[in-house]
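Q: Hi! I have a new model open and would like to go through it with you. Could you set out the ground rules before we start?

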Amino acid sequence: MSNLSRVEPFSDGFVSAMCPELILFAGMLALILIPNLGKGTFRIPGTQIRLPWLLGGQRFKITSDPRLPSWLATITLTAAFLNVLYIFSQGLDRTLIVTDSGKELLLINGFSRVFELIFFGALALASLASMNRLQVHGIGSKVSESELYNNRRQADFYILMVTCALGMSVVALAQDLFVLFIGLELASFSTYVLVAFLKESKVGAESGMKYFIVGSVASGVGLYGLSMLYLWAGSLQFSVLSVAFAESGTTALPLIGIGFVLVGFGFKVSAVPFHFAAPDAYAGATSPVAGVLATASKAMGMLGLVRMLLIVAAPESSDGSAIWLVCLGAIAAITMTWGNLAALGSDNPKRMLAYSSVAHAGYMLAALTAVGAWNWDSTVSGDASAAAVAVMTALLLHLVVLVAFKLGAFLVLSILESDGGASRLSSLGGLAKREPLLAVAMFIFMISLAGVPPMAGFLSKLLVIMGIVRVAVGDMGAEIADGGMYAIGDLHWVWWLALLMVLNSAISMFYYLRVGVVMFFEEPEEGREGPLPAGWQVRTAILACVLVTLLVGVAGDSLIRLCEMAAQSLNYEW
Amino acid sequence: MQDWISLPLVGFPLIASVILLAFVSRADAKMRERLVGPVRMACLVFSLVLLMVTTGMFFQYFGDISWEGISFNSYVFYKQYSWIESLGIHWTVGLDALSFPMVWLTTFLLPVTIIATWNEKNGAMYFPILLAMGGALIGVFVALDLFMFYVFWELTLIPMFFLILVWGGADRKYASQKFFIYTFTASVVMLLGLITLYFFQDPGNPLDYAGTMTGRSFDIPSITQYAFAENSDGWYLGANIQKVLFAMLMLGFLVKLPAVPFHTWLPDAHVQAPTGGSMLLAGVMLKMGAYGMFRLPLSLFPHALEYFQLVLMTIGMISLVWGAIVCLGQTNLKKMVAYSSVSHMGVILIGIATMQPMGWAAALFMMFAHGIISPMLFAVCGAFKHHYHSMEIGAMRGMAKHSPWIATSMMFSWMASLGLPLLAGFVAELMMLIALWYFLVAEGWSVFWMVGPALVLAVTAAYYLWSMQRTIFEGGDETQPPESLHGEPVPDLASPEKLAMLILAAFTILFGVMPWIGLDMMHDWTKQIFEGLIMPILGDFNGGV
């Protein structure tokens, strides 16, 4: 790993370090400006000379095309995504953006880069797919009123997509709780509006309202916790807070403060008991947006949890962290079980996917618990630092590949929505007859979510289980080789989380398979026999998701290596 | 040496079936009808190629490989390629006298299944799925890497799920989901056991996998070797952990086998599955459970095996007796045959639990013999269903007069299954009885354990003969064809079905008259494992036959 370079804003090295974010910023400006370009002129006062200044007036043909914003957003997000990939291929630099007074603002390293990859990838796919979901038509006299309405809102939708990506990447980079919350709120507000985007429909308005109210309460609680931490430590810098936690983190004030902050992130990952708004939000939002909530937004929440729990209040810092270990383990166990049981009973495929997303949050929290167990328990030592990296690798890989198959599943539903709704399981009926390839893609996504080899979901779930088991076993392997005698009860208790996880996978099999059964076995709904609406964009996105799901499943080595590198760079010490 | 396994035996059928399926799925319904012939022929030819490869292996065509005298934990046709380096996962394939009979059996059953179900509906999709099934099954038997083993283990579920779901009977939705969830649950528990075992290796041991994140490997031969070295000084991993891991692994295999009380998925799956699915399910897929037991828990944890001996013996006895008694009460022909499979799998468990070389050889030969006989049973059931549109035992009487081919095949396969001398099943059952007797006397167990097998011999004969009496003979000349035919003439086997029956019958006789063709290598394998593993670790505990 190269040395950490400290860079002030807009000095040397700033542009190269922040290149993806700057691309997004430029894209956002372009999205605001370009659709407004027209033949507007400006008369120099006192003369008859009119200078063209291009803003307003009759718009040019190309800038008035309602399809323009979607292309701009897709190109911007894809460019940012490719830029991050290029940076990975060039080898990573570590850059810390500091203020002139030495305060740390943003840290760019492998860890944050992987999250940028997740965010930009998911949003690029979603915005590509949205072209077919929020359909627009060229201008002309034959455009109906609602179509015209849709056309005019295009720019809003895609600007929000880009600001969402920008906010998320700020969360990924932040080294200061305050900066982190700015990013979080930027992303949150964008998603509130995106969820409520179909505000004319009843479900759209309801889901947007619910999501906004619950979300803003969670943010408010988080901010309150933030203020308590500031009161206690006098700073919101991660570096300052982690030192303070190491010294005296067991007192009531910081613990309550951090607990409140966690509520904010718990809502984002939709962990029980903060998950209640999630199914409604997913069901009411357009499918690509729901897919973003289930992948990128969840990754952002998980990122916040990792930062708060492992960097700020790391277990090795103080005995107090043991409190969150048990607490988080319990939340993980409840979350995965609740999510799966609730998914069993839901007939709406989007709600089903929402609950499955809750279950997946549980698996990831279990992994996080396992990272927290290192060094704290005496049975887990020695090999433990490597074990923690392994679990973190698994967590990152799971978040990355989740984009492929979770978002992919939502995109398939998105095509069905354009066909007239996807709010009942029977909407998927006969998909195998209507569009065999789409049904096969959906089946691949489902068994990947369930964790069946040889799909990517299996590899990532296997890695999570392996990581947890590795933490649980700790050094026992080596000690057994030296003649030590142990019983299964000597394993760290996180092993039981792994057992719960495999049993939950088995429960989840039921509802994932049911989708397959409906698609391949049941007849289509009345009047929905024919092929689905065309749209090469969303199909391209689905194809990309299928390819990633299969390729990572059978040859995921390089992606694992990448995630491992990212996991190692989580903190300077690691 | 050239790699005769990875591409020819595993990759080729999987890739060919994916290409065929992709090709067929783009065709419309009319085109699909026209494609059935070529696709079926292609699948038959491909599966015959597989059979030629494995048969060539047997006759040492691909090099001077002797199937006897392969010492414990060494493999022929062994090849290793790196796959997911960071976790110590390799693509490792190899064969020994344990896996080779199973691989040959799979390649033998594939063409026979295709022939026996020559006229299955929607054939253009059906035959490639059978081919994929074959590739996945072979993958399970040749895998020498825990990860690869698990991947293929689960991969077999997907084609079978679709076979039952799309081509199955009236209640196929319920049966296919039950089948998938039941076996999946057991195998994820097994997976956790495998992972825990993986991490209990000392990092750097058995081999130094420096390039990996974990410092450990999934390599079955080296784990087995290491476990053997550790077991020699006592319980490898310690008594408690070894027992728990043994139980976790066995759970996955017992459900697959299946043994009572984990057997309830089997009758449902069989009754609803199409004939071809049933043939492969009973013929090979059940054997995956027994194969897995020999490959992993028995080879890794002999101490735990000794500890759980009584439990295994009890489960085996209960499967044997319960399966047979339930058969008596069945009115559905296919369900009866399915329960008879449960009963026969009990024989395998008892053979294992005797911990005698002959008992293990009996179990191995039972896997093989049942793998030839049970497809024939299900082919007969399929023909019965196909021609009489009913599965009920009483639906057709006096079959000997109306359809002599079905009657003859049924009689032959029923006799083979109940253990008629000179047919393959008899050899395995006889060996099991001898091993059990020897074991009971040598170990001083109560001879009342013999009551179970003795009882089952009678009960098996009873349910088979009774069902034959009700279908083949009863009624005489006056019998009318069943109402489900609506007055159509009574059909008999079609020519492809006749051919398949003849092939299966011929091999049943072949392995009954000359069992040593397969038995020699199996007996040699058990001899090697007892000399190489069981005796050095558990001591010369009762001589053994």
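A: Happy to: a residue is buried when under 20% of its relative accessible area is left, exposed when over 50%, and partly exposed in between (1.4 Å probe, protein chains only). This is a predicted model, where local features need pLDDT of at least 70 and side-chain atom pairs count only at pLDDT 80 or more, while totals for chains, interfaces and linings use all residues; side-chain values use heavy atoms, with hydrogens and water left out. Residues are numbered from 1 along each chain as its sequence is written, and chains are lettered from A and ligands numbered from 1 in the order in which they are written.

Q: Great. How many residues of chain B are in contact with chain A?

A: Counting heavy atoms within 4.5 Å as contact, 49 residues of chain B meet 52 residues of chain A.

Q: And what area is buried between them?

A: About 4500 Å², with carbon and sulfur atoms giving 79% of that; buried area is the accessible area (1.4 Å probe) that two parts lose on being put together, summed over both. In chain B, the residues that lose the most area to chain A are B:Leu192, B:Phe199 and B:Met213, together 14% of what that side buries.

Q: How many salt bridges cross that interface?

A: The rule finds 1, taking a salt bridge as a side-chain nitrogen of Lys or Arg within 4 Å of a carboxyl oxygen of Asp or Glu. B:Lys173 and A:Glu522 are the partners, at 3.1 Å from N to O.

Q: Which element gives the largest share of chain B's side?

A: That is α7(B), with 16 residues. Helices here are DSSP runs (H or I, at least four residues), as are strands (E, at least two), numbered from the N terminus.

Q: Is A:Arg133 buried or exposed?

A: A:Arg133 counts as buried because its relative accessibility is 18%. A:Glu417 is buried too, at 12%.

Q: What about A:Asp65 and A:Arg67?

A: Their side chains meet in a salt bridge of 3.4 Å, N to O. A:Asp65 counts as partly exposed at 24% relative accessibility, and A:Arg67 as partly exposed at 39%.

Q: Now the backbone. Where are the cis peptide bonds?

A: One runs from B:Leu257 to B:Pro258, with omega near -15°, and another from B:Val260 to B:Pro261, with omega near 10°. B:Pro258 lies in the loop between α9 and α10 (265-272) of chain B, and B:Pro261 is in the loop between α9 and α10 of chain B.

Q: Last one: what is the phi of B:Leu237?

A: Positive, about 75°, although B:Leu237 is not a glycine. B:Leu237 is in the loop between α8 and α9 of chain B and counts as buried at 2% relative accessibility.
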